[in-house]
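Open the model in your viewer and keep the sequence panel beside it. The stops below each name something to select and then say what is there.

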Amino acid sequence: MLDTGMNILLVSSEVAPFAKTGGLADVAGSLPKALALQGNDIRVMMPRYRGIQSHSIVADFPVEVGGRKETCIVRTGYIEAKSDMGTRRVPVYFLDNYHYFDRERYYMFGDEPLRFGFFDKACVAACEVLGFRPDVVHCNDWQSGLIPLLIRERAKENDFWKDVATCFTIHNLRYQGRFPRDVLRQLGIGQEHFHPEGLEYYGDVNFMKAGIVYSDVLNTVSETYAKEIQTPEFGEGLDGILRKRSKDLYGIVNGINYHEFNPKSDPRVYATYDSTDLARKRENKHSLQRELGLPVSDAPLLGLVSRLVDQKGLDILLAAMPSVLAQGCQFVLLGTGDKFFEDAFSELARKHPDQMAAVIGFNGVLAQKIYAGSDLFLMPSKFEPCGLGQLIAMRYGSIPVVRKTGGLADTVMDYDGDTGSGNGFVFSEYTAKALENAVKRALNLYSDKDAWQKLVREAMEMDFSWNRQAALYTELYIEAMGRKGRVERPA
Ligand code: ADP
């Protein structure tokens, strides 16, 4: 075992608070803080998108892409890890290239493989230039999927990379980064890797598959999802290769940052509160109703904050809405995504102005007001690798109603009226009826004020912080180093 901290490089295309479209950013912004507080030298690399403020420039070097030499400029910044013991700064390196990253959004341009191919190559080169030799490089999702392969290749010619272990985390298997074969030539990656046991996928190059195949260990963000993705139903076409690596595939549920997501000190909510002071939570509900033009009342208020995409179970939610609203509750939705869902929920809100408000857009402040102001939080997902919404909701005393899949199954236990155990309402079948029944059970309990408040208090007091989960990542890194013969594997 190691008796000192490790050198860790975490690579992600999104890191909160600098760039966020979903849960990946939350993880990449908060796991490093917990690892730093546990005594590791952890550093983070991400692209420098337009608008990111940085401090000094610490390096620049050329990276070959598409037959051209592109310049990578390395700028620095940091994220601050605070605990009762003090503050530590986690260095963040922003890899900058005007052509690839100075654009109005993060994704969905035609040249994704070159943008992130550049980024992956630049991450490897930057370590050498900066003289930061990691024990473990932790890559996340397809945007950093080529790095384990690039490190293996580089290790053949440069001892700097000898025995450096790699860990790859799948945050969502649906988004794979699949591109035409020619990308290999453009990125200068050898054609010998283009075969079904390598990064080839039905005639294309697949960045996610590269991460899965070439990393020393891999994990996903809940134990249930780690099992699910090894089946054809959830495997998104990669279940075969995942079954092959099943001995190296782990599940670690995400945590949330307890400093950022703290109802007692959150500057974004209308009135701060904790589990001993639920009257103040009620103030949040009334303020939210006022802000969104709903009648101010004690009717149960359901919330949803989500990307509006197929994965999130919005089709069954739409089908269940008439019967849910007929039970006299209110519903507040915040989300952006597929136009079909944006229009359908907006239309529903227009039809039921006294019961429903739909805000289409991405708004971090309003999101927190909804977590704080709602009684119930809906996540009827078709699949959900981990899900952060339900964890944030519980911390703010909004009881989750979830489908039993992925990380939702690992973090929300169904309420049992006989024993009082459980922290939410869970349904299994992917149908509107099953969702309606779960909401109905929740609303029944809501009318029993004492039982409801007990449930809310208990949910708020559960521990979904990063502390415990970061320790599991440390074990995973040690496991990865064990594969390289670097350390004794823990018993
Ligand atoms: P996913 O990563 O699939 O989007 P998660 O539940 O893991 O889902 O994480 C979603 C995160 O993004 C949560 O922190 C949630 O509050 C936030 N979020 C999602 N949609 C919005 C939105 N429209 N406005 C603000 N925050 C949002």
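Start by selecting Asn363 and Val365, at the start of helix H12 (364–373). A side-chain oxygen of Asn363 comes within 3.1 Å of the backbone nitrogen of Val365. This is a polar contact, meaning a pair of N or O atoms within 3.5 Å; within protein, one must be able to donate a hydrogen and the other to accept it, and residues adjacent in sequence count only if both atoms are side-chain atoms. Helices (H or I, at least four residues) and strands (E, at least two) are DSSP runs, numbered from the N terminus.

The model is predicted: local features need pLDDT of at least 70 and side-chain atom pairs count only at pLDDT 80 or more, while totals for chains, interfaces and linings use all residues. Residues are numbered from 1 along each chain as its sequence is written, and side-chain values use heavy atoms, with hydrogens and water left out.

Now select the whole of H12. Eight of its ten residues are buried, so H12 is largely enclosed by the rest of the structure. Buried means under 20% relative accessible area, exposed over 50%, and partly exposed in between (1.4 Å probe, protein chains only). The buried residues are Leu366, Ala367, Gln368, Lys369, Ile370, Tyr371, Ala372 and Gly373. Their cover includes helices H9 (278–291) and H13, and strands E13, E14, E15 (356–360) and E16 (376–379).

Next, show the ligand. Which residues come nearest to the ligand? Of the 20 around it, they are Gly23, Arg307, Lys312, Gly361 and Tyr371; a residue belongs here if one of its heavy atoms lies within 4 Å.

- Lys312: an N or O atom of its side chain is 2.8 Å from a ligand oxygen.
- Leu388: a polar backbone atom is 2.9 Å from a ligand oxygen.
- Gly389: a polar backbone atom is 3.3 Å from a ligand oxygen.

Taken alone, the ligand exposes 570 Å², and the protein buries 92% of that (Shrake-Rupley method, 1.4 Å probe). Helix H1 (23–37), strand E13 (301–308), strand E14 (330–337), H12 and helix H13 (389–395) each give two or more residues to the shell.

Colour the chain by domain: domain 1 is 7–256 + 467–483 and domain 2 is 278–463, with bounds from an automatic or database domain assignment. Each domain supplies at least three residues to the shell around the ligand. The C-alpha centres of the two domains lie 33 Å apart. Across the boundary, 21 residues of domain 1 are in contact with 20 residues of domain 2, contact meaning heavy atoms within 4.5 Å.

Move to Asn206, in strand E10 (residues 204–206). Is Asn206 buried or exposed? Asn206 is buried, with a relative accessible area of 0%. Its side chain makes a polar contact of 2.9 Å with the side chain of Gln176, and also reaches the backbone nitrogen of Lys209 at 2.9 Å.

Select Ala16 and Pro17: the peptide bond joining them is cis, with omega about 10°. Pro17 is in the loop between strand E1 (7–11) and H1.

Met108 is in the loop between helices H2 (98–101) and H3 (112–130). Phi of Met108 is positive, near 70°, and the residue is exposed, at 68% relative accessible area. Asp141, in the loop between strand E6 (136–140) and helix H4 (147–155), has a positive phi near 60°. Asp141 counts as buried, at 9% relative accessibility.
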